[in-house]
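Biologist: Hi! Could you walk me through this model?
Modeller: Happy to, here it comes.

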Amino acid sequence: MEYVIEMLNIRKEFPGIVANNNINLQVKKGEIHALLGENGAGKSTLMNVLFGLYQPEKGEIKVNGKAVNITNPNIANDLGIGMVHQHFMLIDKFTVTENIILGKEITSGGKIDMKKAENEVREISKRYGLSVDPQAKISDISVGMQQRVEILKTLYRGAEILIFDEPTAVLTPQEINELIQIMKTLIKEGKSIILITHKLKEIMEVCDQVTVIRKGEGIGTLNVKDTNPNELASLMVGREVTFKTTKKEANPKDKVLEINDLLVKDSRGIDAVKHLNLEIRQGEIVGIAGVDGNGQTELIEAITGLRKTAGGSIKLNGKEIGNLVTRKVTEAGVGHIPQDRHKHGLVLDFSIGENMVLQTYYQKPYSKYGVMNDKEIFVKAKSLIKEFDVRTPSEYTLARSLSGGNQQKAIIGREVDRNPDLLIAAQPTRGLDVGAIEFIHKRLIDQRDQGKAVLLLSFELEEIMNVSDRIAVIYEGEIIAIVDPKETTEQELGLLMAGSIEKKAGGMN
Amino acid sequence: MSSRLQNILVPIIAVLLGVLVGTIIMIISGFDAVAGFVALWDGAFGESYFTGETVRQITPYILAGLAVAFAFRTGLFNIGVEGQLIVGWLAAVWVGVAFDLPKIIHLPLAVLAAAAAGAFWAFIPGFLKAKYRVHEVIVTIMLNYTALHITNYIIRTVLSEKSDRTESIAETASLRSPFFESLTDYSRMHWGIVIALICVFIMWFILERTTRGFELKAVGFNQHASDYAGMNVKRNIILSMVISGAFAGLAGAMEGLGTFGYASIKGGFTGVGFDGIAVALLGANSPIGIVLAAILFGSLKVGALNMPLQAGVPNELVDIIIALIVFFVASSYLIRLIIKRFSKKGVK
């Protein structure tokens, strides 16, 4: 069997760390090859080496059997390597075709031949079953479509080997199925695919082979047919991992959060949350399922005081907290693990210790008569770091230099430690690896078992189904259904999230 | 190489490069570089009189540097130190000429008036930024001109009768120090240096020790996270500008109550406020760094006056050297790259 890509004994060092050591990646023609590893395992480094952004210290790269020296991305392009980025590189105000031809414009007499370009795009789109409208504006099409435009971009540039970087992170279940179809069509047409992911389910579903990396070391390559998710997970993490989060039956008691007829406008002044009703009781986890942009962010901002409400009421333990300033909401007993840990959760240029008291710095014993007590702060930080297994050189290390998982653990430690009556966890495991996810789920369930109310927002259906006691489906700013995770399926949830079926039954308590 | 060591090395290398290029310029233009630098040194420290004058110059530089750095550490760019300094100068002199009080009240009152005037002048851009998101750089630049012309108007019509300077301030409001003067062969060195050094400590204490400083820094680094943590972002932005402006106003008091003892009509800016930006930049916005940078710039400025007399080198050359130092600090990325290269070679 012929290999289209061979990366042999790759070693890449950065000052102080070895990012890749002795990694082998051999991709056969016409296969989907998964690259599996935890965050910070060295997947991106390896792909950046392949893409010519980094030069390896040791090792050899062969494309179609010939040794090559990829010193910059243009060479990678010429060799037929294309990358579908996780964060799309598209210009919102341009049309699909304009985005695709950007940098490779077809010109005649100094003018762009848009007709010809559109026809070419249409042709490629048809051949691979992408059904993209070449004239549509990027800002008008869905995230799934935008991803297809990214795929088209690489195909237009003649890519034979496509690298997908965590492609399903932003998609709905239906869109994921469609993407899988597209990947299969690409393979049929003779392309080869490298799929970077840490989602085991996807690997089992579409991939032929999988190469596992752990802490920069190549662990090995397996045939997907001969393995199972448990084996992959333990290879990736280096220990046994339990998947099914084990938890006792929920035992809901008094109402903690009561939202009635809530109206919230987004930054453009458009209604984002429309007459929403929701309640959460002590000792239960309510998961909010929905496609991104259906009012979830605005809902959480309204509860936590970061955004003004335009009507309705939010009650915590029977007391109105709508339109209170954030500090009052926090002091009333709300903990908030924010969606974007870099933007809201941490001051990256503060030490991890200072971040641990970001919500309590002004209270005794951390502050007395307006003067900070560093000793108390860092003693506290040290104990939280230990309790929540935050891996950091010390409590004085800048938050910026920690890995995503450890940053998240620090935030969770800070919020859980205050023991809030209501804990809001917005995408608490986004971008984290299996080990960290397991830990975080356990802590959320712990809180529930101690009789606290937990509101979980996630775009990962698996997480919602695993952790929640009740699932509230949000669509266009309304809770359109409340379902029991034991009785529903991902399929049903997906349809509800897309607004395709309405299910008010069993709904509003 | 540790980043801390690099932070110290970068300004030093920038200064050396500035001097080096200055030397080359001197040689190309046909001057004796060695004589030029000897004259520069003599002009700053050669006699006790010159040393006293150097310290006098360092004093407002420290305060102007603190003003820029304080705002910068909290995420704001205060280009208006010059204007705040000018209004501070006027306020100090106004109190100095208008009242007849015992020294123990009069002097502190005049100093505080300067701080308050500077603080008010900086409150305007702070308020506009917090409330209406108007960028502070634009407002502070405009307010520099406004300060210049308003103070000129007040000096001409309110504090004097169409004269181009005010009366001299009462002795009870003066920072002049017969002790320092006798020590330095009757230079204009005054008590202000003590105030400046106290302010260095105050800046450090506010930023590093107080709860308020924690908030101010948090807002400077990340407004979203500060908002999330329940801090009042708008109030902190205004407060940061106000404190910064108070330092700038005090720099004006140094000139008004110490060096000159009066305020005069100005044809243009004093330049001290703008040099404060360079001081803060070279001092990496740290209190100690600012003192060191102010000493360097103050010495260069005063020493330069001696260069034409002793070596026949035009004193504008020092302006070029200062500009070059600022240039090299600003392009510290380049210097870091060079350090990296060298340390890599050392390892191999």
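Modeller: Let's start with helix H8 of chain A: strand S3 (32–36), helix H7 (200–206), strand S11 (209–214) and helix H15 (434–449) of chain A are among what covers its buried residues. Helices (H or I, at least four residues) and strands (E, at least two) are DSSP runs, numbered from the N terminus. Contact has C-beta atoms, placed from the backbone, within 7 Å. This is a predicted model: local features need pLDDT of at least 70, side-chain atom pairs count only at pLDDT 80 or more, and totals for chains, interfaces and linings use all residues. Residues are numbered from 1 along each chain as its sequence is written, with chains lettered from A and ligands numbered from 1 in the order in which they are written.

Biologist: Which residues in H8 of chain A are buried?
Modeller: A:Leu232, A:Ala233 and A:Met236, within residues 229–237. Buried is 20 or more other C-beta atoms within 10 Å of a residue's own, exposed 12 or fewer, partly exposed in between.

Biologist: Why are they on the same side of H8(A)?
Modeller: Because they cover an arc of only 100 degrees around the axis, taken from the directions from the helix axis to the C-beta atoms.

Biologist: And what comes just after H8(A)?
Modeller: A:Gly238, with a positive phi of about 90 degrees.

Biologist: New topic: what is the strand order in the open sheet of chain A?
Modeller: S18-S21-S22-S15-S23-S24, with mixed pairing; strands pair if DSSP finds at least two bridges between them. Strands S18 (334–337) and S24 (478–483) of chain A are the edges, each pairing on one side only.

Biologist: How many residues of chain A are in contact with chain B?
Modeller: 22, against 14 residues of chain B.

How values were computed: Contact = placed C-beta atoms within 7 Å.
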